[in-house]
Amino acid sequence: MPLFPWSLCVCAALCVLPTVRADAEDVSLLGGWQDVWLFRLFLNVLGYATIIIPGYFLISYFKRVNYLETGRGLCFPLIKTCVFGNESKTGLLEDVSTAARNESESSSSARQAVRLIFCAAGLQASYLTWGVLQERVMTRSYGATEAEGSGERFKDSQFLVFMNRILALTVSGLWCVLFKQPRHGAPMYKYSFASLSNILSSWCQYEALKYISFPTQVLAKASKVIPVMLMGKIVSHKSYEYWEYFTAALISVGVSMFLLSSSTGKHPSTVTTFSGVIILGGYIVFDSFTSNWQDNLFKHKMSSVQMMFGVNLFSCLLTVGSLLEQGAFFDSIAFMSRHSEFAFHAVLLSVCSACGQLFIFYTIGQFGAAIFTIIMTLRQAFAILLSCFLYGHAVTIVGGFGMAVVFLALFLRVYARSRMKKSSKRAPPTPVQKV
């Protein structure tokens, strides 16, 4: 049994090592030391620490003095909700998604087909548009004219994360107000762990596009099942089947084939290429932690929209605090005022992200995780093709074969998992992961 975690580590190494290859040209893509990703990440984390550390001491103090028994006053309900939570009756949320799925199965085939088309179209439209805009914002200039030259690039990935989260918070908040939700029992501060890893993974996702191509990013994201399995063993002490290890190894081989065959012309220096690998690795690690932590939080019998609201609430608090401390918030607003096209792209990016999350919840509730995974796997393939068409990324025959191996492995995982669920006659709750 101890052999399996080591095999996962080898698979992860196979995914990462090929991308360290780079051309011999010594050209730097960094404008200055203040644009170095490691420095910007340090500033961001420092900003988060100014909020997290005082919060930690406050929570420790309230628990130490047994505030739940002795506290009184106007702040008592707020502190109780944030630090201690409410006693949640198990069974209040007895698999809402399963109930909705049963209702879907009892409806006519035509109505079911229309629902499926609606879900697939909504997911594809939301996330394909999101992917195209993400690459446009991070890799292209704004305000470029023939007379003045190349224009101005937007560099602050954290502001884009904040824009996405503030709109998602608004949408999920309105949903919780308009539609009945189960009684919330989890202490609010527990969302902060998933929020921190979520904003760090999103920041890495945006920042990585400065150093690697979008198809490379998508293929690497498809391989995140490997660190998700590793993190599952560490955080949740999960065990996995043989076919899960096999498909993880198959994915790593396919990604390695694609990366080995990719041209590094756009990322000439070894430092720049290696930076892209490290940032992308950070995205995968943080995102893996987020999904596993959310899996543990779902034991409190909350709805997916409540999870969305709680995570985005702390994400907004952390990002806006860090942006204000750095002075980057008003710089980004000034950039938006100078370039109306960027303002439109940033808002549309956030709308697609928020709508995409709602489509995720609805699709899983109506058709289950297997159908959702198939739709999102197809979305990844379409995203690569669309990016190659719009932005001129070249894919070799070997790279295309590697992509086919990755998506074949993903479909094999879906098929094997659905067969196991049918044989066991059980439908365990599936945590909704950020795509």
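Contact here means heavy atoms within 4.5 Å. The structure is a predicted model, in which local features need pLDDT of at least 70, side-chain atom pairs count only at pLDDT 80 or more, and totals for chains, interfaces and linings use all residues. Residues are numbered from 1 along each chain as its sequence is written, and side-chain values use heavy atoms, with hydrogens and water left out.

**View 1. Surroundings of L123.** Beyond its neighbours within four places in sequence, L123 is in contact with L128, G356, F359, I360, T363, F372, I375 and M376.

**View 2. The largest nonpolar core.** A nonpolar core is a set of buried Ala, Val, Leu, Ile, Met, Phe, Trp, Tyr and Cys residues joined through side-chain atoms within 4.5 Å; buried means under 20% relative accessible area, exposed over 50%, and partly exposed in between (1.4 Å probe, protein chains only). The largest such core has 76 residues, and L123, F159, L160 and F342 touch the most other members. Helix α15 (residues 340-367) gives the most to this core, with ten residues. Another core, of ten residues, lies apart from it and includes A186, M302, V311 and F314.

View 3. L259 sits in helix α11 (residues 242-261) and is buried, at a relative accessible area of 8%.

**View 4. The whole protein.** The protein has 17 helices and zero strands, where helices (H or I, at least four residues) and strands (E, at least two) are DSSP runs, numbered from the N terminus. Of its 435 residues, 49% are buried. Among contacts with a separation of 6 or more, 86% join residues 24 or more positions apart.
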